[in-house]
Amino acid sequence: MDNEAVDGFGSRRSTVYGSEGMVATSQPLAATAGLETLEAGGNAFDAAVATAAALNVVEPTSTGLGGDVFALYRTADGEVGAMRSCGGAPANATRQTVREAVADEDEDPSEAEMPMLGPQTVTVPGTVRGWEATTERFGERSLGENLQHAIRYATEGYPVSPVIADAWSYAEDLFDNENARNAYLVDGERAPEAGEHVTLDALGATLETIAEEGADAVYEGEIGEQIVEEVQEAGGFLTMDDLTEFEPEFPDPVSTSYNGTEVYELPPNNQGLIVLEALNIASELGASEAEGTERVHLFVEALKRAFHDGHRYITDPDYEELPPLNSAEWASERASDVEETAGDVEFMQRTGEDADTVLLCVADDEGNVVSYINSRFAGFGSGLVAGDTGIALQNRGASFSLDDDHPNRFEPGKRPFHTLIPGLIDFAPDTEEEEDWAAFGVMGGFMQPQGHLQTVTSLVDDGLTPQQALDRPRWRYREDGRLAVEARFPTETQNGLLRRGHDLAVLPPIQFGGAQFVRRNADGVLSGATEPRKDGNAVGR
């Protein structure tokens with residue numbers, strides 16, 4: 001169905017500049033929540049949590065309390081770090097018990113495949129513990145203070161923005177029980193329209209409880225009990241022990257040098273290594289020095305090989321040892337078979353090509369720079385909403401495999417392959433006195449590493465302004481082997497790619513991700529840019 005409000009580009013945006021604070025995200029009310037948090041004395045970490053919480057309300061189609069959260073950050077005192085707050089599979093579930101639970105009545109359980117929806121796809125939600133850990137470790141304000149904008153939007157209401165209204169319509173078919181439909185559909189029947197004022201009363205009440213009692217309300221209290229009851233009544237395996245034993249992690253980021261910068265990503269179980277490997281292969285190929293069709297071709301071929309390796313190897317590192325995918329030696333070998341025509345590169349089947357996510361980036365005048373990303377995986381997630389909490393539960397477990405030989409095979413307690421990847425760029429890694437850092441990211445399942453690659457190279461190789469880099473037409477390699485481009489992609493380049501053997505497809509803009517960007521340069525000037533394919537904005541002060 002055509003939707004000009006979603007698919008069209010009828011206006012232009014400028015890079016936003018400021019000196020005291022900058023927030024960029026996919027919904028204007030959420031960006032305002034972050035900026036007002038900075039104005040109230042919070043730092044970039046407080047603003048990240050406040051913005052993320054607001055997005056749970058004003059963009060519930062892409063994130064929620066029943067999902068996960070990750071961060072990359074550079075603190076004012078120079079620490080470069082990461083947070084990973086994602087839970088694993090239920091501890092008392094096995095591949096066999098899941099097979100038996102999801103198999104059709106007349107199907108041999110050994111032939112069963114992991115479903116995309118339903119109770120077996122629910123993994124331990126990490127969001128609330130992650131918000132709390134962010135606030136307690138780095139913030140200036142309490143978690144309860146940082147939830148106030150979200151609470152107000154949920155209880156007093158807000159008007160729905162166009163791209164989000166379009167995505168919300170899918171909930172009409174997804175939700176089939178009364179508590180889910182009452183929580184997220186108008187009169188329990190339909191999705192709201194663009195500009196329609198809505199309240200999310202159940203979610204608002206839950207946020208109020210969390211503000212008063214902290215994350216324990218979810219992981220040790222009544223809210224958690226309702227989550228477990230919902231999953232188990234539907235046939236899933238999640239228990240209160242799974243919730244109470246969960247804690248966020250602070251792993252070391254992974255990085256690579258690229259054309260005078262240092263690019264940071266999350267390590268496995270996230271797909272950040274795909275970005276770094278693709279950048280390294282592109283460097284081996286000299287892609288940044290090429291032009292037109294040749295340039296796009298080389299970057300695509302680099303990405304395809306990184307995808308192949310990432311989908312072959314990346315999983316929970318506590319269960320599998322991974323090769324050095326971001327090393328120069330690995331990239332040199334992988335670049336050796338790139339030819340002038342499109343390569344036939346296959347990768348193992350994964351789920352999550354078109355997942356839904358929210359990303360936000362914040363910078364403050366102290367020097368903190370944060371990339372923060374939240375998701376339930378696919379839209380409203382598994383299709384389950386826990387009791388009267390308004391919490392839609394994620395389906396991140398859908399990315400597991402029930403194949404005994406698959407690297408991402410289902411195992412008790414194991415964290416699934418995760419698409420979410422915030423990003424950081426150090427633009428002056430060899431100059432100790434000069435601090436020039438950017439936080440960025442591109443939402444959208446398997447588009448995320450492809451969007452990172454294109455954003456980084458547009459900024460670093462081509463010297464585009466942040467907003468120009470995000471506005472630029474994108475390409476996207478698909479699971480079925482097609483190379484998708486936006487209709488705005490230069491015709492001459494499209495023809496050149498066809499002549500080189502790429503199987504080209506033109507897809508609507510919404511299929512090419514949602515980027516956000518903030519930067520604090522050496523002079524202390526803050527800049528921000530936002531995704532033109534989404535509803536949001538960048539706001540500064």
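**View 1. R519, a partly exposed residue at 21% relative accessibility, and its partner D436.** Partly exposed stands here between buried, which is under 20% relative accessible area, and exposed, which is over 50%, as found with a 1.4 Å probe on protein chains only. This is a predicted model, in which local features need pLDDT of at least 70 and side-chain atom pairs count only at pLDDT 80 or more, whereas totals for chains, interfaces and linings use all residues. Residues are numbered from 1 along each chain as its sequence is written, and side-chain values use heavy atoms, with hydrogens and water left out. R519 forms a salt bridge (a side-chain nitrogen of Lys or Arg within 4 Å of a carboxyl oxygen of Asp or Glu) with D436, and the closest N and O atoms of the two are 2.8 Å apart. Because R519 lies in strand β18 (residues 514–520) and D436 in the loop between β13 (423–426) and β14 (437–443), the pair ties together parts that are 83 residues apart in sequence. Helices (H or I, at least four residues) and strands (E, at least two) are DSSP runs, numbered from the N terminus. D436 is buried, with a relative accessible area of 8%.

**View 2. The salt bridge between R533 and E486.** The closest N and O atoms of R533 and E486 are 2.8 Å apart. R533 belongs to the loop between β19 (526–530) and β20 (537–540), and E486 to the loop between β16 (483–485) and α20 (491–499), so that parts 47 residues apart in sequence are tied together by the pair. Both R533 and E486 are buried.

View 3. R415 is found in the loop between β12 (391–392) and β13, and R415 is buried, with a relative accessible area of 7%. The C-alpha atoms of R415 and R181, which are 234 residues apart along the chain, are separated by 29 Å.

**View 4. D216 and R129, whose side chains meet in a salt bridge.** The distance from N to O in this pair is 2.9 Å. D216 in helix α12 (residues 216–219) and R129 in helix α5 (residues 127–138) are 87 residues apart, and the pair links these distant parts of the chain. D216 is partly exposed, with a relative accessible area of 36%, whereas R129 is buried, at 7%. Over the whole structure, a search finds 29 salt bridges.

**View 5. V57 in the largest nonpolar core.** A nonpolar core is a set of buried Ala, Val, Leu, Ile, Met, Phe, Trp, Tyr and Cys residues joined through side-chain atoms within 4.5 Å. The largest one has 96 residues, and those with the most contacts inside it are V57, W131, Y158, W168, Y184 and Y372. Helix α3 (residues 44–58) gives the largest share of this core, eleven residues. V57, with neighbours within four places in sequence left aside, is in contact with A150, Y153, A154, Y158, L200, L203 and L207. Apart from this core lies another, of 51 residues, among them L273, L279, I421 and I425.

**View 6. V98 in helix α4 (residues 95–102).** V98 counts as buried, at 1% relative accessibility. Leaving aside neighbours within four places in sequence, V98 is in contact with A93, M114, Q120, F237, L402 and F410. The C-alpha atoms of V98 and R474, 376 residues apart along the chain, are separated by 39 Å.

**View 7. E492 in helix α20.** At 66% relative accessibility, E492 counts as exposed. E492 and T293 are 199 residues apart in sequence, and their C-alpha atoms are 8.0 Å apart in space.

Notes. Contact means heavy atoms within 4.5 Å.
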